[in-house]
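Me: I would like to learn how to read a two-chain model. Can you take me through it, feature by feature?

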Amino acid sequence: MSRSVLMKVYRGEQGKGGLLDYNVPIDDGMVVLDVIHRIQATDAPDLACRWNCKAGKCGSCSAEVNGKPSLMCMTRMDTLDQSKPITVEPLQTFPHVRDLVTDVSWNYTINKKIVPFTPRPKDADGKQRMYQYEVDRVQEFRKCIECFLCQDVCHVLRNHGKHEEFAGPRFLARLASLEMHPLDVADRLAHIKDGASVGFCNITKCCTEVCPEHIHITDNAIIPLKERVADRYYDPLQMLFRVLGGK
Amino acid sequence: MANFTKHEFDVLVVGAGGAGLRAAIESAALGAKTAVVMKSLLGKAHTVMAEGGAAAAMRNADDRDSWQTHFRDTMKGGKQLNYFRMAELHAKEAPDRIQELEDWGAVFDRTPSGLINQRNFGGHTYPRLAHVGDRTGLEMIRTLQDKVVHMNAEIFMETTITHLFKTGGKISGALAYSRTTGEFHLFRAKAIVLATGGGGKAFAITSNSWEYSGDGQALAWRAGAELLDMEFIQFHPTGMVWPLSVRGTLVTEGVRGEGGVLLNKDGRRFMFDYIPEAFKNDVAATEQEANQWVAEVAAGKRATVRRPPELLTRDVVARSIRAEVQAGRGSPHGGAFLDIATRRNASDIQRKLPSMYHQFKQLANVDITKEPMEVGPTCHYMMGGIRVEAETAMSTVPGLFAAGEVAAGLHGANRLGGNSLSDLLVFGRRAGWGASEYAKKESLGALSDQEVEAAIAENLSCFGRSSGENPYTVHRELQDMMQDHVGIVRIEDELKTALKLLDEFEKRVQNVHVSGARAYNPGWNLAMDLRSMIVISRAIALAALERRESRGGHSRIDYPDYDKQFSKINHIITNDNGKMVLRAAALPVVPEELKKFVEEA
């Protein structure tokens, strides 16, 4: 069954542009990315968008569909109200490049500041041992596909523009994955407190809501990091010991 | 005069999937000034889509395993056309390469004793695939990505290489354009490692993304390097078949590794009807035996009986599904049913195959813990590619190296699942090492601005003309043509037609018209990639026409059986002044000490 849907797609460069209308015939089972591809193949061959795997595994095709940060490849058209126009816009938290593409390079600079994985010495037979129950919680964070939807939705970045100070949910989850890694021995707490500014997060859980991998970013990553920072830096008894100990 | 930015490096790595990143890490670690360029963002390469695992005889899940058995399995899976030395190095070195990933922070699933867990896969005698649920590739690429950013390697994202340059017969540089800005970059380099993956985008039904346009094979061939075994394309037996928009999207072999069975529309478990003579002793003879194998494996025990026939090599399973569909016994959307719901409980399925659960739920509205999936063959992998020397990964052009899917030799006529991820690591490292050693002895070759400017003019010509075809139309028609004439089964007439049609496609590609500006223009980007697709399409069709037999990832209706004559040769494709020429070359002679593993097969 073929029918047409009115798509309003952001076209323009470096933030200068607006929504353009496209009437697109659609088929059963199509996702938003298919519709964008159809527009490219027919009306607008130069319509810019990122995509790769088309199966929710690479995190390239992030955009805001009807205002909601989403992976275009995993958003089925039949989950959207097709009686109204469907808007597709670029992520708002990063500098705009062209059409649906934004400059996400800031994320890579944040990652580079994180002290890399630092393993403890190996066992005598040259192997490392860790158990499934120990790695379960780390594996949750490692499911992250770096779509940066959590960064996009986070109001600390989106509304307050704290890109200089705040690492954002993605990299707090990465820090958590290192801090909770059974083999890792590096200490990143000072960085988590001052470099990544975990304290900026006020637990609105928007990041968790948009995560296509259903990672419990707030509950399982950010809150435990906040607790670790509080234990070291804000525990009154510990503070007293530090003062007395002259540290 | 065209503008371009100049860069100078010892080693330039093209591609940032598993092989490219591993090469860059090695090259930088050995002190070479290294750059990595990639068409997408860092961490998005095709490797992230790999699901099942990385094969290595680590013996964590079954201590009967050994590199010799892995070597034997690889040769047998490749129908003995593999370059034995690559298969030997791969089997010997894969365990260290996997262990190394763990040292860099990868978190694989664990055995009860706390070691890296390994799962069963098609064609592997023992549980051998180190894995993380069904997202092993993501784990691998993230680990390598987080490693490389702390190395002394410069990263150029969203940058496409369009031309390689040589000076005095040796590689000396490459021309690139930034997809983001449309600006040109000249990379002068002493050595170049191609790690650009495959070319499945030349086919209509494929698990591959837009990036897979065969750039590396085409660049290498144009630069005078030899291509090997190009006729062998792996059609993965289980791609999604419905909805149409996700047709071809991969369904991991892990589903079958975890006990999933293939059924036709009558509910018959048809793989028992298609067991090839050579594999008769390797697979279960009855459903009862197959079920016992699944029960033992699911309980975490060592299997004491033979594996289900669903775990035969991919070429066999893909052809069997196709045969069932041809015979009118397919599923409603023209595939077969893949059922895990009645074999394993819901929580096992969600834990072992989380992204498959997710993928079907979200894209097809199918709950795989309750219903069967519909699957069919999808173009997945190129066994053929650039002919390289096993130890250093250098091609026949001095200074030009290749690793991963873009290179050939390891997999012969058919790749075993899981051998790709380990291939990337083993030969990515070797290429990085080979290139940095080579670069130490060389100086930068002189390059004339005129040569570079001519290449830039060629890249921009599609903007200049006032009329011409839409690149998307040409691409779609090329894909349909390749799918119909050079697809999963082939016949002489159609291959000859394909070669004739490719002459026309080549002209059409040269005449496409692109509108808009250069910055982030996917129409222009596709026009560039089409030039590569034409080269590999022709190489595939040419080699497929000459191999008058069926073997592995090459099936001929007119020659349905193995042919002794062809069991002793590889096809090599060369560039004779721009004309593609094919020659047959005798297989390398397997030395005595390895022969016994091969002959056992």
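Reply: Start with the domains. For chain B, the domain assignment gives domain 1 (239–378) and domain 2 (464–586); such bounds come from an automatic or database domain assignment. Note that this is a predicted model: local features need pLDDT of at least 70, side-chain atom pairs count only at pLDDT 80 or more, and totals for chains, interfaces and linings use all residues. Residues are numbered from 1 along each chain as its sequence is written, and chains are lettered from A and ligands numbered from 1 in the order in which they are written.

Me: How many residues of domain 1 of chain B are in contact with domain 2 of chain B?

Reply: Contact is a matter of C-beta atoms: placed from the backbone, they must lie within 7 Å. Here 5 residues of domain 1 of chain B are in contact with 4 residues of domain 2 of chain B. Helix H8 (residues 314–326) of chain B supplies the largest share of the domain 1 side, 4 residues. Helices are DSSP runs (H or I, at least four residues), as are strands (E, at least two), numbered from the N terminus. By class, that side has 2 nonpolar, no polar and 3 charged residues. Nonpolar means Ala, Val, Leu, Ile, Met, Phe, Trp, Tyr, Cys and Pro; charged means Asp, Glu, Lys and Arg; the others, Gly among them, are polar. The two domain centres, taken over C-alpha atoms, are separated by 31 Å.

Me: And into which domains is chain A divided?

Reply: Chain A has domain 1 (3–102) and domain 2 (105–237). Their C-alpha centres lie 30 Å apart. Contacts join 12 residues of domain 1 of chain A to 13 residues of domain 2 of chain A. The domain 1 side has 6 nonpolar, 5 polar and 1 charged residues.

Me: What does the radius of gyration say about chain B?

Reply: The radius is taken over C-alpha atoms, and the globule rule is 2.2 Å times the number of residues to the power 0.38. With 601 residues, a compact globule would have a radius near 25 Å; chain B has 23 Å, which agrees. Along the principal axes, the C-alpha atoms of chain B fill a box of roughly 75 × 50 × 50 Å. Its secondary structure comes to 16 helices and 18 strands.

Me: What percentage of the residues in chain B is buried?

Reply: Count C-beta atoms, placed from the backbone, within 10 Å of a residue's own: 20 or more others is buried, 12 or fewer is exposed, and in between is partly exposed. In chain B, buried residues make up 62% of the 601.

Me: Which residues touch the most other members of the largest nonpolar core?

Reply: A nonpolar core is a set of buried Ala, Val, Leu, Ile, Met, Phe, Trp, Tyr and Cys residues joined through C-beta atoms within 7 Å. The largest has 260 residues, and Ile192(B), Val193(B), Leu194(B) and Phe401(B) touch the most other members. Helix H15 (residues 522–546) of chain B gives the most to this core, 16 residues. Beyond four places in sequence, the contacts of Phe401(B) include Ile192(B), Val193(B), Leu194(B) and Gly434(B).

Me: Is His475(B) buried or exposed?

Reply: His475(B) is buried because 23 C-beta neighbours lie inside 10 Å. His475(B) belongs to helix H13 (residues 471–485) of chain B. The C-alpha atoms of His475(B) and Leu530(B) are separated by 6.9 Å, though the residues are 55 apart along the chain.

Me: Where is the loop that holds Asn66(A)?

Reply: Look between strand S3 (62–65) and strand S4 (68–71) of chain A. Asn66(A) has a positive phi of about 50°, although it is not a glycine. Asn66(A) is partly exposed, with 16 other C-beta atoms within 10 Å.

Me: Which peptide bond is cis?

Reply: The bond from Trp242(B) to Pro243(B) is cis, with omega near -5°. Pro243(B) sits in the loop between strand S11 (233–240) and helix H6 (254–257) of chain B.

Methods:
Two residues are in contact if their C-beta atoms, placed from the backbone, lie within 7 Å.
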